[in-house]
Amino acid sequence: MSRASRAGRRERRAGEPVGGALPAWVHVPAAAGLLLVLVPLVAIVARVDWPRFGELVTSPSSLAALRLSLLTATASTACCLLLGVPMALVLARGSFPGLRVLRSVVLLPLVLPPVVGGLALLYALGRRGLLAPALEVLGVRIAFSTAAVVLAQTFVALPFLVLSAEGALRTAGQRHERVAATLGARPGRVLTRVTLPLVAPGLASGAVLAFARSLGEFGATLTFAGSLEGVTRTLPLEVYLQRESDPDAAVALALVLVAVSVVVVVGVRGREGRGSP
Amino acid sequence: MRHAPRGLAVDLDVPPGEVLAVLGPNGAGKSTLLDLLAGLLRPTAGRIALDGRVLTAAGATGREVLVPAHRRGVALLAQDPLLLPHLSAADNVAFGPRSTGASRREARERAARWLDAVGAGHLAARRPRRLSGGQAQRVAIARALATRPRLLLLDEPMAALDVTAAPEVRRVLREVLRGGQHPERPGGVVLVTHDLLDVLALADRVAVLQDGRVAERGDVHEVLTRPRSAFAAGIAGLVLLTGRATADGLRTADGTLVAGLVDDGCPPGGPAVAVLDPAAVAVHAADPGGSPRNRWRVTVTQLEPRGRAVRVRGRHGPLELFADVTVEAAAEARLAPGDEVHFVVKATAVRVHAAGG
């Protein structure tokens with residue numbers, strides 16, 4: 001590249017701030033990484049049997065899986081909010097010994113292989129599990145039920161919500177809460193009228209992430225809940241099952257999951273871009 | 001009251017209805033003091049009582065008391081208005097009354113009344129993000145006062161505002177705190193500030209904090225004209241002349257006229273203070289004549305060396321004045337206590353501000 005053309009490129013950016021200069025070679029691995037993500041997505045879109053797409057996606061087993069997935073992912077997102085927001089409050093606002101250890105434990109499902117999570121759930125809540133006697137007394141059977149799907153999804157998705165909520169709480173700080181207290185607001189009122197509204201955008205993106213993670217859950221679900229059509233066979237399980245018998249159906253359903261993921265990512269990023277208060 | 005980790009040990013009182021200004025360098029313990037008063041921080045030892053009710057007691061023998069922030073009747077107004085972004089201005093002001101048990105209707109009425117009092121009635125429906133800095137701070141003042149606090153804490157309330165908004169907010173605070181027309185005035189006010197104008201406009205008394213201790217205290221005039229602490233001397237060290245504002249200056253109680261630039265919002269006839277920098281005062285052995293409108297015959301009472309300058313203190317009737325002149329000028333004029341000299345100041349070097357009291 002000649003000096004003149006370099007100067008020309010610089011001129012086109014006149015008026016823009018000058019960023020830190022990057023060595024040119026950095027763009028090569030960066031591009032490779034981007035291709036690694038993009039090429040498979042393009043490949044799967046290319047493989048879709050478009051004329052039969054509608055028919056494949058609306059077959060009875062597909063619809064059952066789709067319905068179950070939406071139902072369980074919604075339920076587990078609700079569970080994540082119910083359990084995760086108080087956890088985030090304790091982690092962000094609490095001060096007691098062992099807090100750091102506690103945070104590590106809470107985030108463990110994030111790094112744990114989902115199959116291991118499912119196995120762990122099975123040995124806690126399964127028919128021969130740790131809590132089996134108690135569950136038997138209550139007459140509750142969890143393993144291999146829709147409830148098990150929700151539990152498995154909540155287990156893996158909870159850290160996403162806790163992380164987002166805790167981050168939002170730390171960013172919001174406590175200054176509004178302190179002023180609200182001096183205005184006479186009891187702690188309960190401060191929580192519902194000040195803290196939660198302030199972190200609502202953070203909670204929303206956390207909930208969206210948790211929903212996406214629940215929707216994509218496979219390993220823990222299969223291990224703990226099995227694969228019963230209409231009861232525990234969610235969309236990812238259906239995709240995996242159809243992969244052998246009807247690859248076209250698998251691809252069509254996979255595309256549905258890709259579409260949901262794109263919507264989720266755009267939704268969360270868009271929110272971040274606008275900047276939450 | 002002590003807070004050992006932050007190195008604070010102070011003993012202060014605010015008489016009912018008065019405004020105590022707390023001055024001090026950064027890190028002197030001003031914020032710690034406010035946090036302790038608001039109940040947001042537990043002291044290591046000490047006692048805080050408000051209208052005879054013990055709010056905090058710690059360290060000494062006897063029972064520990066820490067009334068939580070929401071039951072103290074102590075409202076806090078910070079540098080940042082900290083309005084709740086999801087509520088309208090009116091709902092922000094109504095938040096306090098609603099929190100303390102007022103009905104929806106009563107809270108709304110009180111909010112409307114206080115928004116009018118701070119000149120923000122027309123902003124009631126706005127969200128905080130659509131308010132300017134000065135508007136937001138006025139709404140925050142209304143919000144703090146709508147709780148009918150028995151003690152109001154002001155933490156540098158004008159420090160984050162731009163030069164046009166600060167005087168406006170200061171005027172509003174002056175009206176609501178000192179105007180006397182509001183029956184719901186707070187019982188007492190503690191004002192933390194760096195700004196001399198805040199002290200002049202709002203305060204009855206001053207306490208200077210330094211290294212967590214009260215370095216000096218007294219009424220405003222005394223501390224600002226005869227500062228004993230280095231900090232007060234640094235921000236003050238100014239000549240202050242109190243009196244009543246006129247159209248183009250100020251008239252002191254003994255009738256001396258001081259020509260100066262009068263602030264907007266300082267009505268003629270109202271209590272005011274003329275402020276001038278002693279370095280702007282020229283000292284002449286003989287009446288120089290000429291254009292400067294402030295010429296005072298002064299008897300020198302004292303000469304103080306101040307680095308490269310000499311502070312010439314003197315009296316003009318009952319008024320105490322001082323001027324900073326160079327060492328060379330002082331030597332040349334052979335100034336000595338007892339001399340009769342003339343102090344000369346341009347009217348443009350004198351600012352006249354509305355004053356407390």
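These legends walk through close-up views of a predicted two-chain model.

As a predicted model, it reports local features only at a pLDDT of at least 70 and side-chain atom pairs only at pLDDT 80 or more, while totals for chains, interfaces and linings use all residues. Residues are numbered from 1 along each chain as its sequence is written, and chains are lettered from A and ligands numbered from 1 in the order in which they are written.

**View 1. Chain A is built from helices.** Chain A has 13 helices and zero strands; helices (H or I, at least four residues) and strands (E, at least two) are DSSP runs, numbered from the N terminus. Its radius of gyration is 24 Å, well over the 19 Å from the globule rule for 277 residues, so chain A is more spread out than a compact globule. That radius is taken over C-alpha atoms, and the rule is 2.2 Å times the number of residues to the power 0.38. Along the principal axes, the C-alpha atoms of chain A fill a box of roughly 80 × 65 × 30 Å.

**View 2. Chain B meets chain A.** The contact draws 18 residues from chain B and 14 residues from chain A, counting two residues as in contact if their C-beta atoms, placed from the backbone, lie within 7 Å. On the chain B side, β7 (74-77) and α2 (89-99) are the elements giving two or more residues. That side splits into 11 nonpolar, six polar and one charged. In this scheme Ala, Val, Leu, Ile, Met, Phe, Trp, Tyr, Cys and Pro are nonpolar, Asp, Glu, Lys and Arg are charged, and the others, Gly among them, are polar. For the complex, the predictor gives an ipTM of 0.76 and a pTM of 0.76.

**View 3. Two domains sit within chain B.** Domain 1 covers 2-235 and domain 2 covers 239-354, with bounds from an automatic or database domain assignment. Their centres, taken over C-alpha atoms, are 34 Å apart. Nine residues of domain 1 touch seven residues of domain 2. On the domain 1 side, α5 (165-178), α6 (196-202) and α7 (220-225) of chain B each give two or more residues.

**View 4. An open sheet in chain B.** Six strands line up as β7-β8-β9-β3-β10-β11, with mixed pairing; strands pair if DSSP finds at least two bridges between them. The edges are β7 and β11 (213-219), each pairing on one side only. Strands β8 (residues 151-155) and β9 (residues 188-192) run parallel and share five bridges. Look for L152(B) opposite V189(B) in β9(B).

**View 5. β12 and its partners in chain B.** Strand β12 (residues 239-246) pairs with β16 (residues 271-276) in the antiparallel sense over six bridges, and L240(B) stands opposite V275(B). Four bridges also join β12(B) to β13 (residues 249-252), again antiparallel, with A245(B) opposite L250(B). β12(B) and β13(B) make a hairpin with two residues between them.
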